[in-house]
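Here is my note for you, with the structure shown just below. Please keep it open while you read through the points.

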Amino acid sequence: MRQYAALALALFLAAAAKADEPKSVDPVEALENAVADAIARAEPSVVAIAREKAEKGQETVAVRGRPQPGVAPGVINGFNPQLGQFAPVDAEEELSFDYGSGVVIGTKGEILTAYHVVQGAARLTVRTRSQPQFAAEIIAADPRSDLAVIAPREIPGSPPPKLTPIALGDAATLRKGSFLIALGNPYNAARDGSASASLGILSNLARKLEPPAYDFNQRQNPRQLRHLASLLQLDAKLNLGMSGGAVINRKGELVGLTTAGANVEGYDGRAGYAIPIDALARRAIEALKQGKEVEYGFLGLTLDTGRSPEFGRPVDGLARVEQTRPGSPADRAGIVRGDTIISVGERPVHDTDSLILAVNALPVGREVSIKVRRVDPFTRGVQDLEKTLVLAKFPVDGEIIATNRPAPWRGLRIDHMSTTMGNVQPMVVDPDAAMLRGFVVITEVVAGTPAEQAGLKKGQLIASVDGTPVRSPDEFGRSVADKKGPVKLGTDLGPVSVP
């Protein structure tokens, strides 16, 4: 009997030991489960966006605070006032052929998408996996980053849709070969709100898209950040309508926003690119969520490209200064032609792209340290110098949408003089001379206000407030903050008294 008991105990212990052994894991099954889990976490946050374009030549209409056309007969945000409830909408009833994607990023229903998905929209309709369709409006949009944030239209008596924000990841942690999943609305297939998924790897980092060679009109095709070496290149299949969709990592975190396919005619149109969700994108997204304009730092210098005729790249790989704009931050800091830019803050610089990205990552008005290398033309001695300057504002081309702007002072809005390189041109003074002397520029004069009564015009320059020089909007704001009664402004057209 004792022998049977000993045998039974031995068999039990052997079975227990075998149960404790790690089970073999099928790597294919593990990968499949990881991909499916990541999609399940992120998919509720991905939406389909349909756009109705405004009339030709008309600015974007679907903006918070602007008059907008009706959304649908009897239905607003998917809410039927007569029934007092949300009503399901047959997706086939309203089939849009102008579509894109978006990703919910905020607790108030804020949706991140690409600027070109909503540009020129008279009406935006959003569909999700779990909610009826609803009308949306733009909170803010930035043509330079190709980013925009939209949100459900605020309708009195209509409850807002319940949307699930995605978790944000960090594209800086990615490397070539990282598994990535693209979620979006290809060919309007996700008009029922169920995003389509595509799996691939990160093919490359810091890629750029050049404007088509036949399009030299920068007003129609402004140089955006995606035209600099900043994009993620994916081998995941991206089709028409995926712009503004999510690129997620294996945790289901947002690490990129799809922006465009390969843009060179004759190449694979399905090659995918995405805006990385990094420090620069996070700064832009935070400003857009608040309805603010995204501002980029400006040095005021150009580099000597010294391009090789074979490859079109800098011959020596150095960021050598070709010229500085008179009166610009670089000029005031004493940076001169022939200097080589080594770094901006903590970021190394080696060409035009890296210089622009380093400066754009910093807010306007920030004091920054620039390291330059200077070669004495006579002794050929090399000297490393550190220059400290305050960044001006980069002029952004295209329609900038911002619904949360500082209130105008007596009907007057002003901006940095450096923006005269873009859409606002001064009325009289040469821009370089104006920057050298120190001006701010008028960007808007509200009708029926004291500023209009004083005769001030858009494009006019202001040099002083009651005799105190002003070189930036912040200085102007501080100078007029506590003023009572008439204020004398020194302008390029002479003194003007604003009642």
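1. Val118 is buried, because its relative accessibility is 1% (buried means under 20% relative accessible area, exposed over 50%, partly exposed in between, with a 1.4 Å probe and protein chains only). Val118 sits in helix α3, residues 115-118 (helices are DSSP runs of H or I with at least four residues, strands are runs of E with at least two, numbered from the N terminus).

2. A word on the model: it is predicted, so local features need pLDDT of at least 70 and side-chain atom pairs count only at pLDDT 80 or more, while totals for chains, interfaces and linings use all residues. Residues are numbered from 1 along each chain as its sequence is written, and side-chain values use heavy atoms, leaving out hydrogens and water.

3. What does Val118 touch, not counting residues up to four places away in sequence? Its contacts (heavy atoms within 4.5 Å) include Arg51, Thr60, Leu124 and Ile150. The C-alpha atom of Val118 is also 9.1 Å from that of Glu52, 66 residues apart along the chain.

4. Now look at helix α2, residues 27-42. Its buried residues are Val35, Ala38, Ile39 and Ala42. They lie on the same side of α2, because they cover an arc of only 100 degrees around the axis (the arc is that of the directions from the helix axis to the C-beta atoms). Among the elements covering them are β1 (46-53) and β9 (179-184).
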